[in-house]
Every structure is written in C-alpha cells, then in structure tokens.
Amino acid sequence: MMTGATVWLTGLPSAGKTTIAHELAGRLRERGRRVELLDGDEIREFLSAGLGFSREDRHTNVQRIGFVAELLARNGVTALVPVIAPYADSRDAVRKRHEANGTSYVEVHVATPLEVCSARDVKGLYARQAAGELTGLTGVDDPYQAPASPDLRIESQHQTVRESAAAVHALLSERGLA
C-alpha cells in the first residue's frame, strides 16, 4: 500500500493555500497518488456546522480536520489541508496525533503578507471587515500565530502557483511521500 501523508497548508485568508493545494493535488494524481483535499469551508459546513469562530471553536474545528486527515493518511491517502488553523497549539496537537500513529505530517506555511492577502481578498472578507460588517478576521482583528519552524515556507507573492506547488511536491518527493 502507498504511504499516505497529511500536508497542512496554513496561512492567512487569501494567502493562496487552496489554490496551491488544488495544483498540488493534480500533480500528485498524475503520478498515481490517492489524494483528498479537505477544504476548510466544506469542513465547516459538513463536519463542524454549529461551531463559531471563538478560540475554542477554532481549536475544535482544527482537531476534527486533523482527525479526518490522519485517518485518510494512515490509509494511504495524501490529505491536503488548506486550512488557516491560526493557533500554534492547535496545529501542534494535530502533528502530535500524527506522530502518535506513525503517520507522516508536513506543515507548509503559505507566508503571504497581510497586504497581499488583503489586495487579493478572494472571498471579500477583508472588504467586509474594513466596512465593519465582519469581526474576528484572522490576521486583522483576530490572532494568527505563524509557524515557528514549518517543514516548508512559501512566499506566494514571489512565485507562481505552479512554482509553489512544485516546491511542496519536491519536499514530498524528498521524503518519499510523492
């Protein structure tokens, strides 16, 4: 059976996490890998409905996603997780769950600066926050704890989506996970 892995892409809203994950998924599938992309919005709708955006609810959401990702990875699937996961302790708990089960876990920090994310504003969140229609936006009026030592740091503002995905793919290949 193929070795699975969880690839967690963390970063601010509109950093490019999901776009990179989709490009990476295509690359991996072309090479015969089984891949699932755990989209944060879909998880919120189907697995974490009813949770808000308090620190506790965000932690619970990340733990649920981490559980599903580890389950998939343990069964030979590469689980791509483009989810903000703003708190370091929540991400660390997910990593520890993987380590306890002997499952590969790769943390990728999509380290796009706030100004770039705000200009991209893929979902209109920054505009809504600026207009006073939204509070608790990660990186603006809610904290984002950047990973201190991710397995890979991508500055998406300096490279194409294909280059970003290639960098993650290269790391996975180096570790025998691609």
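1. In this predicted model, Ser-14 touches Cys-117, Arg-120, Asp-121, Val-122, Lys-123 and Tyr-126, residues up to four places away in sequence being left out of the count. Ser-14 sits in the loop between β1 and α1. A polar atom of its side chain lies 3.0 Å from the backbone nitrogen of Val-122. With a relative accessible area of 15%, Ser-14 falls under the 20% limit and is therefore buried.

2. Gly-32, which follows α1, has a positive phi near 85°.

3. Lys-17, Ile-20, Ala-21, Leu-24, Ala-25, Arg-27 and Leu-28 are the buried residues of α1. They lie on the same side of α1, because the arc they cover around the axis is only 165°. An α-helix has 3.6 residues a turn, so residues three or four places apart point the same way. His-22 and Glu-30 are exposed on the other side of α1. The cover over the buried residues of α1 includes β1, β2, β3 (78–82), β4, β5 and α7.

4. The largest nonpolar core holds 28 residues, of which Val-7, Leu-80, Val-108, Val-168 and Leu-172 touch the most other members. At least two residues of this core come from each of β1 (5–10), α1 (17–30), β2 (35–37), β4 (104–110), β5 (152–154) and α7 (161–174). The most, 5 residues, are given by α1.

5. Beyond its neighbours within four places in sequence, Val-7 is in contact with Thr-78, Ala-79, Leu-80, Val-81, Val-106, Val-108, Val-168 and Leu-172. A second, separate core has 12 residues, including Ile-43, Val-62, Ile-65 and Val-94.

Conventions
Residues are numbered from 1 along each chain as its sequence is written. This is a predicted model: local features need pLDDT of at least 70, side-chain atom pairs count only at pLDDT 80 or more; totals for chains, interfaces and linings use all residues. Side-chain values use heavy atoms; hydrogens and water are left out. A nonpolar core is a set of buried Ala, Val, Leu, Ile, Met, Phe, Trp, Tyr and Cys residues joined through side-chain atoms within 4.5 Å. Buried means under 20% relative accessible area, exposed over 50%, partly exposed in between (1.4 Å probe, protein chains only). Helices (H or I, at least four residues) and strands (E, at least two) are DSSP runs, numbered from the N terminus. Contact means heavy atoms within 4.5 Å. A polar contact is a pair of N or O atoms within 3.5 Å; within protein, one must be able to donate a hydrogen and the other to accept it, and residues adjacent in sequence count only if both atoms are side-chain atoms. The arc is that of the directions from the helix axis to the C-beta atoms.
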